[in-house]
Amino acid sequence: MSFWRRLFGSTRRPVAAPRLQTFGGDTMGTRYSVKLVATAGPDLAAIQAEAHAAIDAVDAQMSTWKPQSDLSRFNASEPGDWFAVAPDLAKVVALGLEISALTDGAFDICVGSAVNHWGFGPDAAPVDVLAPPTDLPGFRSIAVRLDPPALRKSGPVYLDLSGIAKGFGVDAIATVLERHGIAAYMIEIDGELRAKGTRPDGTPWRVGISQPEPGATGVHHVLALPTTALATSGDYRRYFDVAGQRYSHTIDPRTGRPTTSTVASVTVADPDCARADALATALLVLGADKGPAMAQRLKLDALFLIRDEGGLTEKMTGRFDRFFG
């Protein structure tokens, strides 16, 4: 050991061990949360500010509850001409139309007028359960252009992105974290989430799938997540009852009525949360038989919780059992 090192000791600064950092906030009528593994430093404040700005931008572009959002202004516009929108909104609409075609219309962002009819949207009318909306415009009434970004409708259409926008918001936050070199994180918005890497101790990120019953607080399964996105759609979060009949907020675009499937919830894994979000909605609408068949055809990792006389049964497709760790 040198004289100077013996005299003054080591000049090497200790390296801070990565630790779990958390932040979150309000968005889209709910909350988002972010857990990431990083060393404490000045960049964390910048990361949080950028993540919050990213999710705020998604909400400002895609909310039907904000009259000045790009989506609301497009819904109020006249048919026929191209309507300029933000690039991310055009991307989400393009993905929505892709999922619509892939699922034979079980997912359809043109369902907004039915969402309002059943009292689940911002322009909700008094609910008439005996007179569901008819002649709903389908996804083929919308065209999208990515460069320059714009939308066009061939007739009166009210777009609703509630089945895909939260997933895209998760992806938007993930983009911010990736840009800052964060290699381990978990992001969640109202049941839509995306994970990468592991916790500081090397164990996987874990998340619970809720018991799919109104008011239930228990967990049906705890999943150990690799690098993936996960989205869950269920009929138990928002609903109303009339004359003993439950009406879920999930609308079947093919009938204009709330889904009456025996499927309580569907969880889908995919690299992109927006895609998982839309696919989970479609599979819920398709039901206990056609949903798993579609998931198998599309080679999806999915978990169906289905109500029957004995309680809940499970159907899995793909390699969803890899998350039971």
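Modeller: A salt bridge is a side-chain nitrogen of Lys or Arg within 4 Å of a carboxyl oxygen of Asp or Glu. This is a predicted model, where local features need pLDDT of at least 70, side-chain atom pairs count only at pLDDT 80 or more, and totals for chains, interfaces and linings use all residues. Residues are numbered from 1 along each chain as its sequence is written, and side-chain values use heavy atoms, leaving out hydrogens and water.

Colleague: How many salt bridges does a search of the whole structure find?

Modeller: Side chains of opposite charge can pair when their charged atoms come close. Here the search finds 13. One of them joins R31 and D26, with the closest N and O atoms 2.8 Å apart.

Colleague: Is D26 buried or exposed?

Modeller: Buried means under 20% relative accessible area, exposed over 50%, partly exposed in between (1.4 Å probe, protein chains only). D26 is exposed at 52%. R31 is partly exposed at 46%.

Colleague: What about R254 and D252?

Modeller: Their side chains meet in a salt bridge, 2.9 Å from N to O. R254 is partly exposed at 43%, whereas D252 is buried at 9%.

Colleague: Which strands pair with β2?

Modeller: Strands are DSSP runs (E, at least two residues), numbered from the N terminus. Two strands pair if DSSP finds at least two bridges between them. Strand β1 (residues 19-27) pairs with β2 (residues 30-38) in the antiparallel sense, over nine bridges. Q21 has L36 as its bridge partner in β2. β2 also pairs with β6 (residues 185-189), antiparallel, over five bridges. There V34 stands opposite I187.

Key:
Helix = DSSP H or I, 4+ residues; strand = E, 2+ residues; numbered from the N terminus.
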